[in-house]
Amino acid sequence: MLGLRVSVGPAQAQARAADEAAARELDAIVALIDAGRFDDARARIDAASQQPGVDERERAALAFQRERMRRIRLDFGLDRAQAEQKVRAQIPDLKREEFDAWDRQGLLESMTIDGDKRYFNRAPSNLFRLSAQALARRRPDAKPLSAGPMETLNDHQREVRDDALERGYGAPRRVRIVQSLTVKADAVPAGKTLRAWLPYPRELPHQQEDIRFLASAPAAHKIAPASSLQRTVHFEQPAQAGKPTKFEVSYELTVFGQYRRIDPDKVAPAPDNGETRDYLGERPPHIVFTPALREFSRKVVGAEKNPYRIAQKLYAAVDAIPWAGAREYSTISNISDYALRAGHADCGQQTLLLMALLRLNGIPARWQSGWVYGDDGYTNMHDWAWLYLAPYGWLPVDVTTGRFESPDPQLAGFYLGGLDAYRVAYNDDYGRGFVPAKRFDRSETVDSQRGEVEWEGGNLYFDQWDYDYKAQVLTTKQ
């Protein structure tokens, strides 16, 4: 069989070489920032920006790395004395050697930036999730660690399982959502137009249906097409001097629980076709089959060949990673690798790690995220995934909620193949563009849960605005 030979001219070869050199330089800058060498990174950003022939895309990528350093400094806002003081607020008789021991064990997340050791803002509170010893030392009147209503086995998961066994979905809830984003007064000059995006759900058959828009402020709005994998409602509004600028949307929808009973002996390798192809393989920067990931997978999976049993092993291994409050995702260069190495992870980090491991083992996996809620007004952002098992198709998996202690194996492993009806999905992929497109880099480069806002002068980061999310469960609807 004869193939076609495509010739590349000198100009094309030169352009390709320039692109490869620019990519290598950007990788080097990313690595310097990850290592805390900010001064060196800034110098290389300045030098790279001044090179002849730098295009706008490359210039924007370099500018984002400068912004990433600023965001990292915001996340790592504590010095040693401040971190120790926050731990002492919960352990009044804290001994210095205790703090030092926990620090050496990596239980207090820190980063040395140009020789200055800085602690993650949430490291003191995370400590009590990562160390049983620290938790036992907490003062008796300390506020209990927070947990969502679906993080323990309850009647709703049983209801979903029983209702969905035959058709795969059931136990629906009708919910009303009100979400807002409020830009702080004088964050931008008066009269300048603010452009805001708030998450808006897609119709997903048998998962969330009957979406009914209720109202918005301002009234003028644009809802992105249902094909948008990170769907939003878009607003524009001028800023007023001395006043905050608020954007708000409200709507209702019906959410269904999910559950499928899996027979491992019927599971076959997933086909490589139009339904699965986009969800196999690597997707840099956050799904990369690094040597560390491959080694972790080998240890967990062993000689197992059955895709469902592989998924069970990987699910249990990632579930064993303790949950802790997370750095902003835009500050992390490879989230699945971070989750593997940090010794703790939040829901999105665990989800990306599990997705990377599943894909490494030939099991298609895709992202989903949004908000979870309760009957009592509880709300929280949350991320989870879907995996593909032939012949069953796409099945949900929430590795952060994880396994339960139950003699009933279906309930113990409910979240590997099941979901509760107390969640709204807004994102069917991560890191996807908005409609209309955002002009400047996003505050959250991976997810879309809190919203985004910008003006002609650039993006407004999280420290320049506040957000609110309310969910009211209205009825159980069949």
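Leaving aside neighbours within four places in sequence, Ile177 is in contact (heavy atoms within 4.5 Å) with Val249, Ser250, Tyr251, Leu253, Val424, Tyr426, Tyr469, Lys470 and Ala471. The model is predicted, with local features requiring pLDDT of at least 70 and side-chain atom pairs counted only at pLDDT 80 or more, whereas totals for chains, interfaces and linings use all residues. Residues are numbered from 1 along each chain as its sequence is written, and side-chain values use heavy atoms, with hydrogens and water left out.

Leu181 is found in strand β3, residues 169–183; strands (E, at least two residues) and helices (H or I, at least four) are DSSP runs numbered from the N terminus. Leu181 has a relative accessible area of 0% and is therefore buried, where buried means under 20% relative accessible area, exposed over 50% and partly exposed in between (1.4 Å probe, protein chains only). Beyond four places in sequence, the contacts of Leu181 include Trp197, Leu198, Phe247, Val453, Trp465 and Tyr467. Between Leu181 and Val267, 86 residues apart in sequence, the C-alpha to C-alpha distance is 45 Å.

Arg161 is placed in helix α8, residues 155–164, and Gln410 in helix α13, residues 409–412. Arg161 counts as buried because its relative accessibility is 10%, and Gln410 counts as buried at 19%. The two side chains make a polar contact at 2.9 Å, a polar contact being a pair of N or O atoms within 3.5 Å; within protein, one must be able to donate a hydrogen and the other to accept it, and residues adjacent in sequence count only if both atoms are side-chain atoms. With neighbours within four places in sequence set aside, Arg161 is in contact with Tyr259, Asp408, Gln410, Leu411 and Phe414, and Gln410 with Arg161, Leu165, Tyr259 and Arg261.

Helix α11 (residues 335–342) and helix α12 (residues 347–360) pack at an angle of about 105°, with their axes 8 Å apart. Axes are lines fitted to C-alpha atoms, for helices over the stretch in contact, and angles run from 0 to 180 degrees between N-to-C directions. The two helices, α11 and α12, are therefore roughly perpendicular, the class for 65 to 115 degrees, with under 35 roughly parallel, over 145 roughly antiparallel and the rest oblique. Ile335, Ser336, Tyr338, Ala339 and Leu340 of α11 and Gln349, Leu352, Leu353 and Ala356 of α12 make the contact.
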